[in-house]
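User: I would like to go through the helix packing and the sheet of this model with you, one step at a time.

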Amino acid sequence: MLKLLIVDDEEMICQAIANIIDWKSYNIQLVGTCTDGVEAYHTILDECPDIVITDIRMPFMDGLELSELVKKEFPRIKIIILSGYNEFDYAKQAIHIGVTDYLLKPITAAKLLEAVKKVADVIEKEREDARLMDKYRLEMAENTVLERQRLLRDLVTGRVNFKEALARGEQVGM
């Protein structure tokens with residue numbers, strides 16, 4: 001199950017986003033709502049969400065500052081910015097920071113859900129890729145151990161000459 005955090009300085013918007021979509025039915029756990037970037041950052045440290053939906057303009061720490069801090073410390077977290085400001089500079093900064101999506105308010109539940117589902121698909125693909133890479137690394141390590149054992153057996157039984165032993169030893173990190 002993916003974890004989602006909602007951040008907006010307007011409590012009503014936070015609650016609307018939290019309640020308008022049945023997140024659990026999409027395999028998403030809502031881990032909280034926050035009304036400013038500082039509160040959100042502390043929640044991120046505690047809850048480790050996979051996705052953060054944040055407003056851009058908020059007191060204490062705005063959405064861009066929060067996004068920059070999160071991307072530096074937790075690059076795997078995906079960030080969707082919801083903004084009432086259709087300003088190119090904000091979007092450009094968001095892209096530079098590494099924000100996953102930039103959506104304009106007002107937004108329908110269907111559009112927001114579509115954006116979150118796309119992000120969820122990316123996260124699941126990254127997780128699957130990481131699982132496959134871990135499996136590959138484990139298999140490579142097992143193969144290296146087996147090759148080392150074969151080399152030692154061949155050395156003891158005299159099946160390999162010195163030159164070949166050096167070459168095979170180098171291949172398996174010996």
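**Helix packing and sheet**

Analyst: In this predicted model, the axes of helix H3 (residues 63-73) and helix H4 (residues 88-97) come within 9 Å and cross at roughly 10°.

User: Is H3 roughly parallel or roughly antiparallel to H4?

Analyst: The axes of the two helices cross at roughly 10°. Angles under 35 degrees count as roughly parallel, and therefore the relation of H3 to H4 is roughly parallel.

User: Which residues of H4 make the contact with H3, and what classes of residue take part?

Analyst: By class, the contact of H3 with H4 has four nonpolar, two polar and two charged residues. From H3 the contact draws on Leu64, Ser67, Glu68 and Lys71, and from H4 on Tyr90, Gln93, Ala94 and Ile97.

User: Which strands are the edge strands of the open sheet?

Analyst: The open sheet has five strands in the order E2-E1-E3-E4-E5, with parallel pairing, and its twist averages 20° from one strand to the next. An edge strand here pairs on one side only, and this holds for strand E2 (28-34) and strand E5 (101-104).

User: Which residue in E5 does Ser83 stand opposite?

Analyst: Strand E4 (residues 78-83) pairs with E5 in the parallel sense, over four bridges. Across from Ser83, the residue in E5 is Leu104.

User: At about what angle does H3 run to E4?

Analyst: H3 lies across strand E1 (2-7), strand E3 (51-55) and E4. Relative to E4, the direction of H3 is at about 175°.

Note on methods:
Residues numbered from 1 in each chain as written. Predicted model: local features only at pLDDT ≥ 70, side-chain atom pairs only at ≥ 80, totals over all residues. Heavy atoms only, no water. Axes fitted to C-alpha atoms, helices over the stretch in contact; angles between N-to-C directions. Parallel < 35°, antiparallel > 145°, perpendicular 65-115°, else oblique. Contact = heavy atoms within 4.5 Å. Nonpolar A, V, L, I, M, F, W, Y, C, P; charged D, E, K, R; others polar. Pairing = 2+ DSSP bridges.
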